[in-house]
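Work through these exercises with the structure open beside you. Try each task before you read its solution.

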Amino acid sequence: MVQLTGQDGTWIMKRPKKIKVGPTIWRVVYDNEKLSTANSMGETNSFTAEIVIAEDLDPQIEVETLVHEVFHAMYSTFAYNWKDLKSPYEREERVVGFTSSAWLGVMKDNPKLVAWITRDI
């Protein structure tokens with residue numbers, strides 16, 4: 001189940017613990033100790049398929065940080081080479097095409113993530 005009731009009776013949602021990006025299941029952990037620097041809000045490790053998010057972030061910043069790290073996971077999973085494209089238009093179209101397709105796949109494969117991201121909208 002996606003929703004839980006807090007002690008005050010308000011609806012809260014579980015943080016995502018795993019996210020599917022393409023063929024890879026990425027583990028999501030909320031642990032300040034696993035971040036490489038004290039200033040980091042989030043990190044993505046392509047070798048371990050792990051996303052680490054700081055555990056004490058404001059909820060809105062936490063959502064933005066997780067989405068940011070998911071985009072790193074998308075890049076790692078689908079790593080396209082854009083250096084061969086000379087025109088800014090070609091580069092823009094390649095980046096937009098890649099990110100829109102990859103993000104749509106992430107949203108389709110992770111409905112609980114979408115619910116968590118959009119819970120306050």
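Start with one orienting view: helix α1 lies across β3, β4, β5 and β6, and runs at about 160° to β6. Keep in mind that the model is predicted.

**Exercise 1. List the elements of the protein from the N terminus on.**

Solution. 
- Step 1: Count the elements. There are three helices and six strands.
- Step 2: The run is β-β-β-β-β-β-α-α-α.
- Step 3: Look at burial. Of the 121 residues in the protein, 31% are buried.

**Exercise 2. Work out the strand order of the open sheet, and say which strands stand at the edges.**

Solution. 
- Step 1: Pair β3 with β4. They are antiparallel and share four bridges. Within this pair, Lys20 stands opposite Ile25 in β4.
- Step 2: Pair β4 (residues 24-30) with β6. These two run parallel, again with four bridges. Here Arg27 stands opposite Glu50 in β6.
- Step 3: Pair β5 (residues 42-45) with β6. The sense is antiparallel, over four bridges.
- Step 4: Chain the pairs together. The order is β3-β4-β6-β5, and the pairing is mixed.
- Step 5: Find the edges. β3 (18-21) and β5 each have a single partner strand, so one side of each has no neighbour in the sheet.
- Step 6: From one strand to the next, it averages 20°.

**Exercise 3. Describe the hairpin formed by β5 and β6.**

Solution. 
- Step 1: Find the link. Four residues lie between the two strands.
- Step 2: Check the turn. Ala49 sits in it, with a positive phi of about 50°.
- Step 3: Glu43 stands opposite Val52 in β6. Thr44 stands opposite Ile51 in β6.

**Exercise 4. Describe how α1 packs against α2.**

Solution. 
- Step 1: Know what to look for. Two packed helices are described by the angle and the distance between their axes.
- Step 2: Read both values. The axes of α1 (residues 59-78) and α2 (residues 88-109) come within 10 Å and cross at roughly 110°.
- Step 3: Classify the angle. Values from 65 to 115 degrees count as roughly perpendicular. α1 is therefore roughly perpendicular to α2.
- Step 4: α1 passes α2 in a right-handed crossing.
- Step 5: Name the contact residues. α1 supplies Val67, Val70, Phe71, Met74, Tyr75 and Phe78. α2 supplies Phe98, Thr99, Ala102, Trp103 and Val106.
- Step 6: Sort them by class. The contact of α1 with α2 has 10 nonpolar residues, one polar and no charged.

**Exercise 5. What share of the contacts between residues at least 6 apart in sequence join residues at least 24 apart?**

Solution. 
- Step 1: Keep the contacts in the protein between residues at least 6 apart.
- Step 2: Among these, take the ones that join residues at least 24 apart. They make up 45%.

Definitions and conventions
Residues numbered from 1 in each chain as written. Predicted model: local features only at pLDDT ≥ 70, side-chain atom pairs only at ≥ 80, totals over all residues. Heavy atoms only, no water. Axes fitted to C-alpha atoms, helices over the stretch in contact; angles between N-to-C directions. Parallel < 35°, antiparallel > 145°, perpendicular 65-115°, else oblique. Left-handed = near helix turned anticlockwise from the far one by under 90°. Contact = heavy atoms within 4.5 Å. Nonpolar A, V, L, I, M, F, W, Y, C, P; charged D, E, K, R; others polar. Pairing = 2+ DSSP bridges. Buried < 20%, exposed > 50% of the residue type's maximum accessible area, 1.4 Å probe, protein only.
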